[in-house]
Amino acid sequence: MQMDIQISPQIKQIMTMDTIFHLEILQLTNDELATMIADKALENPLLLVEDHFNRFSVDYSNLKRYDNRIEPFKVKQESVVEYLWELMPLQIELPNIQERVLRFLMEHLDEHLFLQVEISEVCKKFSISEEEIIECIELLQSFGPFGIASKNSKHFLELQVNLDEQAPPFALLFIQQELTAIANLQMSYLMKKYKMTKKEVLTTIAYIKGLQPFPKMPTLNEPSMFIIPDLQISLVAGQWIIEINNQLLPKVSINEGYIALLKEESLIKDYVEQQLKQAQLLVDGIEERKKTIYRIMNWLIQKQRYFLEKGQSGLIPLRLADAARELNLHESTISRAIRNKYVRTPFGMLMLKEFFPKGITYTENPNLTSDRIKQRIQQLIAGECSSKPLSDQQLVEFLKKEQILISRRTVAKYRESLTIPNSTKRAYA
């Protein structure tokens with residue numbers, strides 16, 4: 001037996017806690033962001049919040065007089081699985097078995113987004129290897145909220161400590177072995193066992209208590225009664241102008257009065273430093289969110305100019321991967337940025353994700369979208385003979401004559417999405 005060592009270069013993207021927080025802000029709607037700002041302002045004395053419209057206790061019935069950009073439409077309630085699936089930019093390219101496993105995993109997340117199913121059980125259900133299940137879990141974790149599919153709260157706390165370079169030296173060990181002692185505040189025991197001072201133990205415990213107990217998820221239980229667009233675009237002298245709608249968001253800044261305390265040696269200096277870091281993180285995150293959404297909208301205007309000028313017929317297929325590559329962003333960043341975001345256009349309110357229609361890559365028409373194919377299938381079925389309804393295979397042949405090359409299975413999938421029964425059921429309708 002001979003052993004050797006091989007070194008191979010690998011590039012991995014490791015997110016810091018700051019990056020994760022910025023991504024959380026990016027995926028929030030205006031309404032959710034205003035709520036976050038209100039919560040943070042109550043926790044952090046270094047945050048100055050100027051709220052012109054009493055935004056934190058807002059009465060939507062009065063908002064019309066402040067801003068005519070609000071649309072009084074009820075938004076469809078979104079389930080946890082639907083929300084998570086929106087964060088999966090590669091979903092249209094997933095193998096069928098992987099898609100089924102991912103949905104199964106999503107359905108077995110508890111209210112705190114912890115995974116409540118054993119890997120062995122998933123292996124048995126889908127007859128695939130443990131490695132393939134772990135790959136699906138890692139995929140879910142990479143696009144979902146930070147910490148999703150963790151085993152439990154303890155595991156989630158460990159993840160946060162491992163990502164924080166400034167975590168106290170014994171924080172991870174305390175979480176792994178001393179949670180009971182921490183809950184009971186057994187100071188003498190911890191000081192003696194780890195040869196730490198009382199201040200070091202208190203600092204470590206305070207740090208652990210400041211961690212998130214479980215992954216954060218935007219509230220999905222109650223549908224919003226109003227659409228508050230994040231952007232507005234308008235055509236002025238042949239040029240599209242983008243406006244970021246921040247009028248309903250409070251202005252956030254840092255209270256400079258506390259900064260002077262950092263120059264003094266005082267008991268609260270460490271506390272002020274930590275609060276300053278958190279406040280700056282929020283301010284930077286809000287500004288980064290604004291810039292990212294603006295960049296994506298500007299890119300979409302360039303790519304979907306014909307759609308904006310001609311309507312639905314001018315819409316061309318776009319992938320999140322296209323935007324990620326050209327804007328030098330990660331696909332998950334694009335996915336989060338467009339989640340539940342609306343843009344007001346001269347011809348109505350649109351969701352940003354509507355600018356990313358699914359394309360059919362195996363047709364001879366590169367600009368053919370799945371929506372157009374569904375429309376054509378609907379037209380063919382509407383014109384069929386009622387006594388001899390078209391089968392899915394016959395629909396395939398008709399589409400083939402029009403240079404639309406898709407499989408019978410795809411036709412069936414599109415037909416079902418249009419809630420049209422199969423030919424047998426249509427014959428007896």
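Is Asn44 buried or exposed, given its relative accessibility? At 4% relative accessibility Asn44 counts as buried, where buried means under 20% relative accessible area, exposed means over 50%, and partly exposed lies in between, with a 1.4 Å probe and protein chains only. The views below show a predicted model, in which local features need pLDDT of at least 70, side-chain atom pairs count only at pLDDT 80 or more, and totals for chains, interfaces and linings use all residues. Residues are numbered from 1 along each chain as its sequence is written, and side-chain values use heavy atoms, with hydrogens and water left out.

View 1. Helices (H or I, at least four residues) and strands (E, at least two) are DSSP runs, numbered from the N terminus. When neighbours within four places in sequence are left aside, Asn44 is in contact with Gln275, Gln278 and Ala279, contact meaning heavy atoms within 4.5 Å. The C-alpha atoms of Asn44 and Leu276 are 8.5 Å apart in space, while the two residues are 232 residues apart in sequence.

**View 2. The pairing of strands E1 and E4.** Strand E1 (residues 47-50) runs antiparallel to E4 and is joined to it by four bridges; two strands pair if DSSP finds at least two bridges between them. Leu47 has Ile254 of E4 as its bridge partner. In a regular strand the side chains alternate between the two faces of the sheet. In strand E4 (residues 251-254), Val252 and Ile254 make up the covered face, whereas Lys251 and Ser253 make up the uncovered one.

**View 3. The open four-stranded sheet and helix H12.** The strands of this open sheet follow the order E3-E2-E5-E6, and their pairing is mixed. Strand E3 (239-244) and strand E6 (348-351) are the edge strands, each pairing on one side only. Neighbouring strands of the sheet are turned by 25 degrees against each other on average, direction ignored; axes are lines fitted to C-alpha atoms, for helices over the stretch in contact, and angles run from 0 to 180 degrees between N-to-C directions. Strands of a sheet pair through backbone hydrogen bonds, either parallel or antiparallel. Strand E5 (residues 342-345) pairs with E6 in the antiparallel sense over four bridges, and Tyr342 stands opposite Met351 in E6. Helix H12 (residues 269-303) lies across strand E2 (231-236), E3 and E5, and runs at about 160 degrees to E3.

**View 4. The buried residues of helix H1.** In helix H1 (residues 17-26) the buried residues are Ile20, Phe21, Leu23, Glu24, Ile25 and Leu26. The buried residues of H1 pack against helix H2 (30-43), H7, H12 and helix H15 (331-338).

**View 5. Aromatic pairs.** Six aromatic pairs are found in a search of the whole structure; rings of Phe, Tyr and Trp (its six-membered ring) pair if their centres lie within 6.5 Å, and planes under 30 degrees apart count as stacked, over 60 as edge-to-face and the rest as tilted. Phe146 and Phe156 form a tilted pair, at 5.6 Å centre to centre and with 50 degrees between the planes. Phe146 lies in the loop between helix H6 (130-143) and helix H7 (153-163) and Phe156 lies in helix H7, so this pair ties together parts that are ten residues apart in sequence. Phe146 counts as buried at 15% relative accessibility, and Phe156 counts as buried at 0%. The pair of Phe174 and Tyr194 is also tilted, because the ring centres are 5.2 Å apart and the planes stand at 50 degrees. With Phe174 in helix H8 (residues 171-177) and Tyr194 in helix H10 (residues 187-194), the pair ties together parts that are 20 residues apart in sequence. Both Phe174 and Tyr194 are buried, and ring pairs link Phe170, Phe174 and Tyr194 into a cluster.

**View 6. Glu178 in the loop between H8 and helix H9 (179-183).** Glu178 counts as buried at 3% relative accessibility. The side chains of Glu178 and Lys193 are joined by a polar contact of 2.7 Å, that is, a pair of N or O atoms within 3.5 Å, where within protein one must be able to donate a hydrogen and the other to accept it, and residues adjacent in sequence count only if both atoms are side-chain atoms. Apart from neighbours within four places in sequence, Glu178 is in contact with Leu173, Tyr189, Leu190, Lys193 and Tyr194.
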